[in-house]
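Visitor: I'm new to reading structures, and I'd like to know where the labels come from. Could you walk me through this one?

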Protein chains: 4
Amino acid sequence: MKAGIIGATGYAGAELVRLLSGHPNVDGLELSSVSYEGGRIEDVYPNFFKKVSAELKKADVVIETADVVFASLPHGIGEGFAKACIERGKPFIDLSADFRFGSDEAAFSAWYGKGYQYPDLREYSVYGLPELNRQAIKAKNKRVIVGNPGCYPTAATLGAMPALIKGLVGTSAIIVDAASGITGGGREFARSYHFPECADAMSPYKVGCHRHMPEIARNFAVIAGRAIPLVFTPHLAPMNRGILATIYIPLADAQPVSVPLHPPSKEIAAKTAEIHALYAEFYKNEPFIRVLSLGSVAATNRVRQSNFCDLSVHLDQTGSMLIVISAIDNMVKGAAGQAIQNMNIVCGFAEDAGLSTIPALF
Amino acid sequence: MKAGIIGATGYAGAELVRLLSGHPNVDGLELSSVSYEGGRIEDVYPNFFKKVSAELKKADVVIETADVVFASLPHGIGEGFAKACIERGKPFIDLSADFRFGSDEAAFSAWYGKGYQYPDLREYSVYGLPELNRQAIKAKNKRVIVGNPGCYPTAATLGAMPALIKGLVGTSAIIVDAASGITGGGREFARSYHFPECADAMSPYKVGCHRHMPEIARNFAVIAGRAIPLVFTPHLAPMNRGILATIYIPLADAQPVSVPLHPPSKEIAAKTAEIHALYAEFYKNEPFIRVLSLGSVAATNRVRQSNFCDLSVHLDQTGSMLIVISAIDNMVKGAAGQAIQNMNIVCGFAEDAGLSTIPALF
Amino acid sequence: MKAGIIGATGYAGAELVRLLSGHPNVDGLELSSVSYEGGRIEDVYPNFFKKVSAELKKADVVIETADVVFASLPHGIGEGFAKACIERGKPFIDLSADFRFGSDEAAFSAWYGKGYQYPDLREYSVYGLPELNRQAIKAKNKRVIVGNPGCYPTAATLGAMPALIKGLVGTSAIIVDAASGITGGGREFARSYHFPECADAMSPYKVGCHRHMPEIARNFAVIAGRAIPLVFTPHLAPMNRGILATIYIPLADAQPVSVPLHPPSKEIAAKTAEIHALYAEFYKNEPFIRVLSLGSVAATNRVRQSNFCDLSVHLDQTGSMLIVISAIDNMVKGAAGQAIQNMNIVCGFAEDAGLSTIPALF
Amino acid sequence: MKAGIIGATGYAGAELVRLLSGHPNVDGLELSSVSYEGGRIEDVYPNFFKKVSAELKKADVVIETADVVFASLPHGIGEGFAKACIERGKPFIDLSADFRFGSDEAAFSAWYGKGYQYPDLREYSVYGLPELNRQAIKAKNKRVIVGNPGCYPTAATLGAMPALIKGLVGTSAIIVDAASGITGGGREFARSYHFPECADAMSPYKVGCHRHMPEIARNFAVIAGRAIPLVFTPHLAPMNRGILATIYIPLADAQPVSVPLHPPSKEIAAKTAEIHALYAEFYKNEPFIRVLSLGSVAATNRVRQSNFCDLSVHLDQTGSMLIVISAIDNMVKGAAGQAIQNMNIVCGFAEDAGLSTIPALF
């Protein structure tokens, strides 16, 4: 099978190239790039030298020649490519936000500043979080547009899903406090990503108004069956890869408590174990979710280069707040890896085909 | 005046050495170290070569010869030194937790695993957060023990104080999500601080049960006049210096809201400006607090090497949650710098004497 | 085939575990560890959770049950294990320096402070740099001890070999100036590897007297057929992985030149192209050597996580000094990857089996 | 006295602002910026908030109102400003390369691609390396243009000077292998300085043809009284600040030696001590040169934020190559600090006025 990548020279595009080159069911890549059209991927990414060699063509050529098409483009410009793929019966896996909001064009346009070009395409689209929508993704067969989730929404949704489904969540807001590696900002230069201004520093950004907020909120509502108040703050951390989301989930059964005198009690430990068991059970068949043992704490360097999402489960000292730590590699489970996982589901391959990298601690 | 430092070879001790060496009212240093007794500080810290030169003596010698004594020791072993200083009428500024809990020995022993050795010393002690306790610190005159605050509690308390005092805070928990540079772990080796295991990674630790939780909770209760539910999660970030605290403060006047369709509205902007004005007014005379302009976001690399605490004020999209970002240099305002600020207050020096470093962006 | 690793919990050992777990010809791992005997590898390295699971046994057990044995131990303690393997006809691939010096026990003991325990074992041993000794490694069949090269010697030798063999090298010293990522120091704590003391800093060490000097010198002499004066300086660079060696090779045909007025001339460019062609030709069949195009410069982030050695070829402005930049991943081509490459040769597998990782730019 | 800075918003300009704001003899700053004219320095550098506040004016205004003028501009555009200063009898301290080559316009134009605009200005100019030219700088009085040295040339020249002056240097090339922090690339964006492409990596650049080569060669020739063959290779290291130069100096009295069997001998140790004593004696009165004790190794984190140049002295195992490690902070002794040192000399201030920062280990 031939895989095509539109926008192959951005970071997510290049990560797709890297991962698909080792995919057992893919025997050829077709790549496009507007900025480097006519050039070669191994000249743009010299790390590919002697391993990947491909010309950078026009998007149209990719769509004609590939059997499945990935698009890694800025938001709001890929709908025409999606349409062309649907017309040809080729799966289209989109890493932008264009197909993450389904028929809710109002939410999309409120946050992304433009409406849908071809609203009807949403009848073919599905939100590509396999742990939430695996059956729906599969059911679309190959005439499908997968809206691959954002990196923060992936980490946040996987971390909160069991609690939301099992009705553990109270009425106060869930707070998602998350830090991303600098690759999350992409390949384009900006002051925030200039080494001397982000190295050795922590910087929040878009506090209270990041575009991933409505995506996360939408996921929570879908899962819980009701609107869930949500606060989301992203931070830039001085590292290349990784997202670490610390998710504060107010528990429905929390008793009013005063500030605790003592460190965590046996009661708290028992309640933590109970929720941990619930999480472990919930995800027991998921190939890419690792619910860590009680007492372990998720961290980005334990999932590096892999498609895993690591989750650890904790309670605050009063037992009224569930704290879930969710760690992913933003370029893999947060982007290219999840897109391939979606391709695997759509195409009927083993879900972990091409995604078996063992995490590198460093 | 001669300043003495007991425990001068730990990171906070060495930072005291560095900052006090440039202090206009200090004309000599007396240093002690158990590990390096008989050695010289410039051999332990070669960066001091040709700038600071001092023998490492016994603590007793320091107490006899210095006019003011700093102690940068592990928790629970410095009370005897404090007693000796009080008997001699010399100010004792303690960077451990031993004097942060005042007469509340129960809280201290619950979290630090031991009781007070000389409980009566607390009649001389004061919690050394100048922005909270300046008059009390001054009033003690020189027969004083200053319990210098922890690094996280400094960032958290300064960030929440105006909201707490002005009655903005609702009944849900305040959540403090904070990241620290690796120097916060001190000079002793540990797996968490071994470069290959913490570089290029974000790692939470002591989730829900860090010792700074009760210190922060105590401050909040003192300031608000009532117990405030609190959740605190610290993280290790791959940087040398800095603490970035993202503080989620539920507002008392929050209306029930559904998940927002739209990005922040004019109403939210107006409410943010109001709270920002309140913060700016509250701290307008503080030499080391910078309330950033509306729209700016606090970050650790804007306070690097300085005694500043930068605060930025934000609301979530629904206007129900105040998000304050608080950034300090953990070694300066979070440790040695604040200790010197306390010395300045106790001794009647200009409060910013020796603390006028302009932050270095890099 | 079952592979055994003695000393599986050090960094090189763990990298062997990670890489061998994906090796198509290896269907089981047997691991030993003195420090963690009885424990499990996935508890020591939580990044392995759900991917690798193995008990940590005694070395003896590993030797009995494995078909090929790797040893990743401190220098000077593994000869007994080598002997046991030779007696059983099992290949022994040693990552320590014990078998790098062959019959030259004097050199080994001068630099490593101890003599050989079983000198006769050297009749079975071979220096495991495949690009130099592939036939010799193959010829030993399975009754073989491979002395896997040091990380710096790998980068240095591969960079200088074509010039040495082709007689380009003059009489002055070759200078190897190299920087290593911090993982090169291993998993044990030390001040040099404590994050706050090595982050954001460059530090030379063992200037003029590092143990890899005699290993490099030995290689150069073997290749050139004469002693080559050598100066070697290693540095610690604030990164996790990678060795960057900048190799200064005085050319035999250099004319006396004065300091140049002008930037590189056409003559220099032509001479550079000539030497570049020689390097490209020399390595054209090597699976893991990439001679970069003229004008490109080797860098550690283009070989990250891979078994490649990238080489770029340059001349100084006067045309009298060849400057070769050699970049490897210290944990892969500089340790575990090369060991597996040696196993592949010894066992008759495809030389790149299990080593096909595409380098990750970040 | 009022100090003016033309080009105040680049990194070196901003570092001048930061350091001059604390200078005891400077009581006002006049700043200019083409990019931000009409703005304020504290808006471009938020770290200055509440500490430095100044409007960004036109260069002409700065020249009229300041008593001494610094220029931190791209190469080749500042001569007109220098002329204006000379006409007004105001010292002009230039951080570009325009005045580093004195009357040797041929060398400048060969490497910088343009000729001098006002060649006659060189009668007022002096190369501003105080340790080499202090008397000449002083002798110019205030009608002076100081060509402030490049960062690499500062580190290299200070490291080699004693050996060059004392006639220790043989006839082979001196090799300067150096690594710089990313701030050396300045504030403008470029792929090389984009965090994901330089973090966690070592990258050589301009191998054999960097513009600092002729500047270093010129210094060496001036000092030695003869042309000295020179090879220079710069590298980018993943750190914010610092230059680490490893300087290989062939000794004139070196005996032909074969590759050594043994680690360094007593003879080598004695010879090292002799050269170390020579270095220590040579620099004994220099306020900013620290010749480290025998056995210590210079590193960038021991000079961080300071105007020091740390030097350590080593021999290779054969005693034929002197290896000097030279460490500076590229933004201080390599740029703004040295410029202020020059101002101090020109204006008759204490040479270390405003430059007394104690290095920060982290």
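This is a predicted model: local features need pLDDT of at least 70, side-chain atom pairs count only at pLDDT 80 or more; totals for chains, interfaces and linings use all residues.

Visitor: Why are α7(C) and α11(C) called roughly perpendicular?

Guide: Angles from 65 to 115 degrees get that name. The crossing angle is roughly 100°, so α7(C) and α11(C) count as roughly perpendicular to each other.

Visitor: Which residues make the contact between α7(C) and α11(C)?

Guide: From α7(C) you have Cys151(C), Thr154(C) and Ala155(C), and from α11(C) come Lys333(C), Gly334(C), Ala335(C) and Gln338(C). Sorted by class, that contact has 3 nonpolar, 3 polar and 1 charged residues.

Visitor: What makes Ile323(C) count as buried?

Guide: The cut-off is 20 or more other C-beta atoms within 10 Å. Ile323(C) has 24 C-beta neighbours inside 10 Å, so it counts as buried. You'll find Ile323(C) in strand β14 (residues 321–328) of chain C.

Visitor: What does Ile323(C) touch, leaving aside residues up to four places away in sequence?

Guide: In chain C, Ile323(C) touches Thr246(C), Ile247(C), Tyr248(C), His314(C), Leu315(C) and Asp316(C), and in chain D it touches Val207(D), Gly208(D) and Thr233(D). Take Ile247(C): it sits 76 residues from Ile323(C) along the chain, yet their C-alpha atoms are separated by 5.5 Å.

Visitor: Now the chains. Why is the relation between chain C and chain D that of a two-fold axis?

Guide: A rotation of 180° with 0.0 Å of shift along its axis puts chain C on chain D, with an RMSD of 0.0 Å. That is the relation of a two-fold axis. In chain C, the C-alpha nearest the axis belongs to Pro238(C), 3.2 Å away from it.

Visitor: How many residues does each side bring to the contact of chain C with chain D?

Guide: 57 residues of chain C are in contact with 57 residues of chain D. On the chain C side, helix α5 (residues 105–112) supplies the largest share, 4 residues. That side divides into 39 nonpolar, 14 polar and 4 charged residues.

Visitor: And chains A and B? How do you know that the copies meet through the same surface?

Guide: Compare the interface residues: 100% of those in chain A are also interface residues in chain B, so the copies do meet through the same surface. Chain A goes onto chain B by a rotation of 180° with 0.0 Å of shift along the axis (RMSD 0.0 Å). Of the residues of chain A, Pro238(A) comes closest to the rotation axis, at 3.2 Å for its C-alpha.

Technical notes: Residues are numbered from 1 along each chain as its sequence is written. Chains are lettered from A and ligands numbered from 1 in the order in which they are written. Copies are superposed by least squares on the C-alpha atoms of residues with pLDDT of at least 70 in both. Helices (H or I, at least four residues) and strands (E, at least two) are DSSP runs, numbered from the N terminus. A residue is buried if 20 or more other C-beta atoms lie within 10 Å of its own, exposed if 12 or fewer, and partly exposed in between; C-beta atoms are placed from the backbone. Two residues are in contact if their C-beta atoms, placed from the backbone, lie within 7 Å. Axes are lines fitted to C-alpha atoms, for helices over the stretch in contact, and angles run from 0 to 180 degrees between N-to-C directions. Angles under 35 degrees count as roughly parallel, over 145 as roughly antiparallel, 65 to 115 as roughly perpendicular and the rest as oblique. Ala, Val, Leu, Ile, Met, Phe, Trp, Tyr, Cys and Pro count as nonpolar, Asp, Glu, Lys and Arg as charged, and the others, Gly among them, as polar.
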